[in-house]
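Subject: Structure for you to look through

Hello,

I am passing on the structure we talked about, together with some notes on what turned up in it. Please keep it open beside this message while you read.

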Amino acid sequence: MVLEFLFEYSSSSLVYDKVLSNVLEASDLEGRLVKTDTEIRLYVESEDSDELEQFANDLSVELPHSIFLRNTEVNVVEAMPDNDFILPQIDKPAISFCPSCLSKVLDESSENYYNPFCECDVCGYEADGKGGNYKSLFEQIANTINSGDVVMVNTFYGEYYLGKLDAKCNDISFDVLSYDLATISKYTNVTKNETIALGAIEKPLISLKTNLKFKMDFEGVEEELLRFKLADDFILHLTMIELHKLGINCVYITKDKMVHDSELLIADFKETMEPIECVVSERNIVILKGDKGLPKFELTNEAVIPYIGTFNSVIKEHDFSEKTVVGLNISKDYHNNILVYGKKFGLIEYLSFKSEYSSVAEIFKAILDTNETGKKLLTNYRNEYPELYEKVSLITFDEKELNIYKLWGIISIVLGYSNSNDIYSSANKLENNAKSFVGTKGPRIDYKLQNINSKVYLDPLMVIRTAMTFKLAGVDSLCLSYGVVESFVEFLSGQLDEIKQNMNNDVVVATGSLLGNKHLFSKLDKEVSVNHELYFNKELPVDGINIRYGGNELLHS
């Protein structure tokens, strides 16, 4: 009998490849590994069904979950394939501990018991330090944190500070390090798919909304939207185990310099790496930022137009150069647009989300000059909110181009949601309002198009006007903010459907840091996938080094 284990796995890091090879080598069964860009197939053969069952059990224990794993299947097939996959000799990525190493570190009979330097050919980091049993030291550090003190810790990938979640957190930029997934579920609105991703070997950060229980247990902490993670090296993991014994199941972790009482410096890390942050929908996971645990990519040193680089990065990762591709670029920092690429006609900017305003006063004047409806709207707004009107009318923008995120910043300022004059921080306020909304539907905001010099642009005034109308109608700030985000996705979905009718494109790709908005990403993924094959970056962050990886080949093609 031949069993085929199929793994839809899209990473080039060889983590799964090595684990599968190791388990196969440790068994007495004849087997073979076959690999493509998106799949790994492991074949094992035996006349004894009990041997095959034991192999499957051993494999389930040794194989970690991964954010790059999409699906698994086990099938009975007629025969072994003729071809075989040979593992290339490449450096392993710096990645969290695997199940095999974890079992050794927690086994009292093992020589690696409480040895944070335990690693294998699958997992671990390059770091200098002396191996050994450090249990007493981790107990000491846990007691120090339990007493309310701050501890500076050298992890295997950088310097951090740990402490109890309390009012100190309000003065620093921090994440929440949790003992286990049950603790995260207890304190947040985490979904099933997010829980699975948090437990993956890549140990990503995921932004979550805290609940009432969190507020009650950590009443000094003001922030409600926080990034959570599990320990991603043995130094943090063993610290959390000892804290758990003291009744502490989550602490803050920060890179902000803090006055501290103790230090845990047993590791001398070779390289500072940023943990990855992900956003999760029902269908997909994308990497927003970070580099820890990811393979290295060859990057161009040439000057690259950001939206072309990000667009081409997805095409290169998925090998779409022969297809007709529609690209949606929705970065917080760069130009936003919809592109269309085909080998026959090259690259076209189909739709730009660019707008240019230098002040709120200029926007108000444009609304006033639009028509009688616009004049009436502005009059009602000024009469209803005279202080807000006078305040925001003085605000100017030092921005040459307004993209969607900056437009949301202006809306946040005009609606009085932000106390800041800064567009980015104001946009962040509106975005957090939308993330905090727990309903299912917001008001419909009008995203309309306009033609300027034979080019198609988004009409920013209509978006602002509609939002002002709903504020005057008394719509709750969280609901209205959600409506701004939700309606944008619905607008995009409609535009992509129209493009497909006209261009008959093969696939749609989406890039940009706005995908980090959980509501936007989930809704975009769900709605667009109905009529299109939707793709994102595979192993690259959706806004960052993917720009340089994508290069500017399409621009010159």
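Which side chain meets that of Glu 224 in a salt bridge? Bear in mind as you look for the partner that this is a predicted model, and that everything below was computed from it. The partner is Lys 215, and the N to O distance in this salt bridge is 3.9 Å. Side chains of opposite charge can pair when their charged atoms come close. Glu 224 is partly exposed, with a relative accessible area of 31%, and Lys 215 is likewise counted as partly exposed, at 30% relative accessibility.

Asp 217 is partly exposed, having a relative accessible area of 34%, and Lys 213 is partly exposed with a value of 33%.

The other salt bridge is formed by Glu 490 and Arg 444, whose closest N and O atoms are 3.2 Å apart. Because Glu 490 lies in helix 16 (residues 477-503) while Arg 444 lies in the loop between helix 14 and strand 19 (448-452), this pair ties together parts that are 46 residues apart in sequence. Glu 490 is buried, with a relative accessible area of 18%, whereas Arg 444 counts as exposed at 59%. Both residues also belong to a network of salt bridges that links Lys 441, Arg 444, Glu 486, Glu 490, Lys 523 and Glu 527.

Turning to the aromatic residues, the structure holds 31 aromatic pairs. In one of them the ring centres of Phe 5 and Phe 55 are 5.9 Å apart and the ring planes are at 55 degrees, so the pair is tilted. Phe 5 is in strand 1 (residues 2-9) and Phe 55 is in helix 2 (residues 49-62), so the pair ties together parts that are 50 residues apart in sequence. Phe 5 is buried at 5% relative accessibility, and Phe 55 is buried at 2%. In the pair made by Phe 521 and Phe 536, the ring centres are 5.2 Å apart and the planes are at 65 degrees, so this pair is edge-to-face. Apart from such pairs, you can look for one aromatic cluster formed by Phe 353, Tyr 405, Trp 408, Tyr 424, Tyr 447, Phe 488 and Phe 491.

Two rings also have a charge over them: the charged end of Lys 292 sits over the ring of Tyr 157, 4.9 Å from its centre, and the charged end of Lys 316 sits over the ring of Tyr 549, 4.4 Å from its centre.

Finally, there is the largest pocket, which has a volume of about 1,300 Å³. It is lined by 45 residues, and those nearest its centre are Leu 225, Arg 227, Glu 277, Lys 289 and Asn 428. Helix 14 (423-436) is among the elements that each supply at least two residues of this lining, and the largest share, 8 residues, comes from helix 14. By type, the lining residues of the largest pocket divide into 17 charged, 14 polar and 14 nonpolar.

Best wishes

Notes: Residues numbered from 1 in each chain as written. Predicted model: local features only at pLDDT ≥ 70, side-chain atom pairs only at ≥ 80, totals over all residues. Heavy atoms only, no water. 1 Å grid on protein atoms, 1.4 Å probe; cavity = no way out; pocket = protein on both sides within 12 Å on 5 of 7 lines; lining within 4 Å. Points joined across faces, edges and corners; volume = space filled by probe spheres on them. Helix = DSSP H or I, 4+ residues; strand = E, 2+ residues; numbered from the N terminus. Nonpolar A, V, L, I, M, F, W, Y, C, P; charged D, E, K, R; others polar. Buried < 20%, exposed > 50% of the residue type's maximum accessible area, 1.4 Å probe, protein only. Salt bridge = Lys/Arg side-chain N within 4 Å of Asp/Glu carboxyl O. Phe/Tyr/Trp six-rings, centres within 6.5 Å; stacked < 30°, edge-to-face > 60°. Lys NZ or Arg CZ within 6 Å of the ring centre and 35° of its normal.
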